[in-house]
Amino acid sequence: MSESVTSKHRPSGLFARLRRRFGSIRLPLHDPLAVIGLCIYVFFILMAVFAPLIAPHDPNEILFTSEFALAADLTPGTDGYILGTTTLGRDIFSQIVWGARSALLIGLTAAFVVALIGSVVGIVAGYFGGWADTVLMRLADVAFGIPFLPFVIVLAAFLEPSIWNVVIAMALVLWRDTGRVIRSQTLTLRNRAYVEAARVAGSSDLKIILRHIAPNVLPLSFLYGSIAIGWAILTEASISFLGFGDPDSISWGYMLQDAFASQALSKGSYYWFVPPGFLIILIVSAGFFISRGYEQILFPKLDR
Amino acid sequence: MKAITVIGARLLQTAFVLLAVITILFFMFRLMPGSPLAAYIDPNFTPEQQAELMARFGLDQPLWRQYLIYLGNLLQGDLGESFFYRQPVAERVLALLPNTLILTFSSLILAYVFGVLAGAYLAWKRGSVVEQICVPLVLTTRAMPEFWLGMLLLAVFSFGMGWFPAGGTRPPGAEYDSLWALYSSADFWWHMTLPVMTLAIYSQGLPLLLMRSNMMDVMREDFVTMARIKGLSTFSVVIRHAARNALLPVMTSFAIAVGYQIQGNVVVETVFSWPGLGRELVRAVSTADYPLAQGAFLMIAVVVILMNLVADLLYAALDPRVTHE
Amino acid sequence: MKDGHDQGPPLVRLDAAELHFPVGGVVAQLQGRATVVKAVDGVTFELRRGESVGLLGESGCGKTSTGRMLVRLDKATGGRVEFDGEDVSGLTGDALKRFRSRVQLIFQNPFEALNPRFTIRDVLAEPLENARIPRAEHEERILRAMALVKLGDAGQFMDRYPHQLSGGQLQRIVMARALILEPEFVVADEPVSMLDVSVRAGVLNVFRDVRAQQGITAIYISHDLALVRYVCERTIVMYLGRIVEDGPTEDIVANPLHPYTQALVAAVPVPHPDQSHAPLPIGRGAPDPRNPPSGCTFRDRCPRAFDRCAVEAPGPTHVQNRIVHCHLHEPKT
Amino acid sequence: MTQPLLTLKDLSIAYRVGDQDTIAVEGASFDVQPGSIVGLVGESGCGKTTLARSLTRVLAGNARIAGGEAIFDGRDIMALSERAMNGLRWREIAFIPQSAMNSLDPVYTVGTQLAEVLIRRGGLGRTAARTRAEELFEWVGIETNRLGDYPHQFSGGMRQRVAIALALALDPKLIIADEPVTALDVIVQRQILDQLRELKERLGISVILVTHDISVVAYVCDRVVVMYAGRVVETGPMAATLTAPAHPYTMGLRNAFPDLASAAGELTPIEGAPPDLASPPPGCRFAPRCPFAEARCRTDVPGLDVYDGDHLAACHRIPEAETLRARAVVSETWEAPA
């Protein structure tokens, strides 16, 4: 009998074991919507990485026409400017391309930070309970009492203008949603029979958290992470639009503020303010689509 | 009784959160780099004049004492004086609050009426083509920057078609005797249409998706199956049992949404030059009018915190499982 | 005492053990208005080495909570829980680790007691890792444990996931996990209640046989007297957190002394066409663990309750070979 | 014999999973006499609950009646229009669910839920409904002041009584009870079973009692229908079927049950597990676990044949039933299936 066992091939080695344990951390490829979201991300990542190659101009460069006049408010196609130019003579298409960089940078770091803080807080509060739980959850209550956008505005006004202000503000406040949800998930997991079985089998708290709790909580972190990407990008856009953004970096929010302040609306320069908004929608909804994919991993609905 | 204990506990928690937020707010404004009076002080002021000013605003006191004074003043309804308007902050903020609230509530009521109906409909149509198109579409509206949507509406309906005014609450030069006269004027509603539409389009996604997923969950519950086995009409099954249960969390989400909306108003009010708390906050921060900024922030925070409280109490009031424990 | 039982000191001893849960939030506790659910309220008994004892009662009687205290999933909030002379609640560090390898629990629901992400091999290796058994020995010990619970052709199961196994097979895996470190004391919490009737007997037989063969001391928690009778020679009957009767199973089945036990024995359905349909000697109504009656907690359903039952909780009385907690059986003074 | 209240003829129910049909119930046939309790026994997944639910024609979204008929009071309820069926529901055929907790709407009081049925389905006025609701509560032994309570305020046993009161509301002819006592403690279980017997004896209502517990059958039922893997394998009068089963599965079930009334004997499991209904074995579905299976059992499907009067079984070896019974009592017989 033992021969048949040893000869039987089983996935061995560290990699296979990790994959078995953490199989939950997979991309939601079963859901068409989530796949679309992932494709959109690939598109933006390529755009951000190859921005210098794709963009025909420096986004901050003030351009002139062949007659040496300021290339201001040119409509798309004029003089080869794909999306036209701004009132100050900058190439809109190049700004769009470079905008992908700050969007992704802010979105991904903020999502990572929020998911990380939220997961740690949620797991600690949920698993250990007691005072740790009380303190952390009261903190979450307070964070829920802070109006987020006003908080970012004040923070951005006081700190040096930087794209990281949004990330800092999110790290300070927005962990609350993730933290609460992961806490309640951890609470139910902690009382699952198989987690109690691990305790009876003599596993330490750390081992239980790493082997039994974390793999079941991580899809939730990813779910909230992919929503946080959107929040971060939207917040950055709002802040830039209100004039508290980083003047040195080109972001889609900054473009919108520029357009708004330059009377683009009354001039009917749709080519200027429509594309940045459209791209924001695209990248943020891509995050939502992916989060729905994780939702289905976590809470599979039978009749769908 | 039990219900009173629950409410009492919740009130205590709210008071704690409020105090914590006030404290954070105070220290945030005091500990930030730069003199809080930078905007107020004329470079030509003598050091004596500056010191006098510092004393007038209590800034020469140690920090803890300033904090206590601040708390004491708050209790008396004194939020300080605006540097810019030279007028009590409380007065200014309270004058703007109704504008913000009216915008928030009318857009949310619109959003919830539409969202609940559409959500229930999509749940009913689950698996259909309509649903498969609508759900991603709704997600997309949640992904829109609100101010951008406002810009788009402005460009099309105001600058393009000329149907609606570009901003404010009244035509230039128009004066009204009272707030009530203003709010009941057709002009006011005409001015409000675009900002309300902007907020409503953005907000409808939440109740819609919530209602839809709740409905789908409830329709799977045993008691809905039982209602069918009892031979009740489809109307009874769907409305009396499924929708009634699915609506519970949606109703409580309304209060939460008010809190969210009021923070989001900041940008939309700016786009439409709507004289509300949000726009005032932005202006105050840009002009370094700290007392006013602090006051506006506090007012928004109070609404957020109160709405979180209302959400909890509403939940307890609507769900017999909580009420009759 | 039957032969085969150690006559030395008891392996397990509960002395007025309590498990009280506060109900209500932090604020309610501050206000001093929080109530307490007395899941276990002063339970005293001893187990000798090699004994198998049934813990019988309805849902909410505290039998599962007692089991959880015995394996230290919950710490007693009052009284003492002793294992091999040591206070279980006070164990920490290495002492706790040793305790974990000597005392095991078999869970009620095999569909939930195994991590769905773990293969059977992972499941069975976990206790071995924790007990620092060298990796080289794992394979052999896992196979041995699986053979013990009569899972033929163990190799076929080793690398499967729980959802690929049937309920009966899963419960055998759960038992194998509990037995793999060769524990001295095992608590089985309704191990067959989630299983289909046709496979229950198989799991029960394995439990009974392995226990007897290895001389394991065991507690079998159940609401079903017929099952308890099948695996245990002694039965402890609980009602609302307290013991009502404790004695040899066959005697309890044949001649229950406590009015509650009498109702319980009469209520057990039997698979025969000819049986009594007489009304049960018990009142309607359900016990409310949050708000138990004063005195004897059974008195509001007891057909023979009298004045004293409302005033005073009955203490243990030795009647024949049994301990009964009932005023009816107290010696007349 | 009187006209049966319900006659099932070759009823089949299929589930659609993916693009494949799984037959959950295949060719089920049995009768329910007026004023009798019929026990529908089997293990989880044998199709007993699906079969019972199909009599209300409220099935899961992916299930459908695949064939056969169910003549209730002269009408085939499988062929009725949805409108006509709805007329029958609750007025003639009522239902007691396994978990009354989940089956009562949490946001209405139980009184409101009783009134809903009495008014909307029974056509009663408000006052009449109130009186009737009180009457029903008295009948099932709950104080009438509890009509204003919400479902979560009741204990498990009390909720089950509420469910019985609901089922009785419109004086149905047939009540389908789906594992009504499974989640309850023995004492409460016994009290609920007594109530079911009272329904039959005092009100003349017929009950189809779905259960996995043959002790429950022995306590209340007049007839038994034993199901295995989607098929009826044995049906007959309760006493005859339990004392002298004709199908090896029933014999095996009896051995697997602990019995408090007789001396402690050895329990014997039936080795193996029920087949996957998506790909059932050919022939008799019990054959892979049956110690008495022969070659023909693995190829030919046995039909329900008469064993003794109205005691039928679906086994090729019915004529040898008595010998098989004698062998089935011995544990060793079951150790290695033939």
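Mentor: We can begin with residues 270-291 of chain A, a span that is 100% helix and 0% strand, with its end C-alpha atoms 31 Å apart. Helices (H or I, at least four residues) and strands (E, at least two) are DSSP runs numbered from the N terminus. This is a predicted model, in which local features need pLDDT of at least 70 and side-chain atom pairs count only at pLDDT 80 or more, while totals for chains, interfaces and linings use all residues. Residues are numbered from 1 along each chain as its sequence is written, and chains are lettered from A and ligands numbered from 1 in the order in which they are written.

Trainee: Which UniProt annotation covers residues 270-291 of chain A?

Mentor: The record is an unreviewed entry, and its annotation also covers residues 33-55, 103-128, 148-175 and 213-234 of chain A. Positions are given in the numbering used here, feature names are shortened, and annotations may be inferred rather than shown by experiment. The name given in that entry is "transmembrane region".

Trainee: How far apart do the end C-alpha atoms of residues 213-234 of chain A lie?

Mentor: This span is also listed in the UniProt annotation. Residues 213-234 of chain A are 100% helix and 0% strand, and the distance between their end C-alpha atoms is 32 Å.

Trainee: Which element gives the most to the side of chain C that touches chain D?

Mentor: Contact here requires C-beta atoms, placed from the backbone, within 7 Å, and 34 residues of chain C meet 36 residues of chain D in this way. Helix 8 (197-214), helix 9 (225-231) and helix 11 (259-267) of chain C each give two or more residues. With eight residues, the element that gives the most is helix 8 of chain C.

Trainee: In what order do the four strands of the open sheet in chain D lie?

Mentor: Strands pair if DSSP finds at least two bridges between them, and strand 4 (residues 63-72) and strand 5 of chain D pair in the antiparallel sense over two bridges. The edge strands, each pairing on one side only, are strand 2 (20-32) and strand 5 (75-76) of chain D. The pairing in the sheet is antiparallel, and the order is 2-1-4-5.

Trainee: How far apart do the C-alpha centres of domain 1 and domain 2 of chain D lie?

Mentor: An automatic or database domain assignment sets the bounds, giving domain 1 (6-92 + 172-334) and domain 2 (100-171) of chain D. Between them, 10 residues of domain 1 are in contact with 10 residues of domain 2. The distance between their C-alpha centres is 30 Å.

Technical notes
Two residues are in contact if their C-beta atoms, placed from the backbone, lie within 7 Å.
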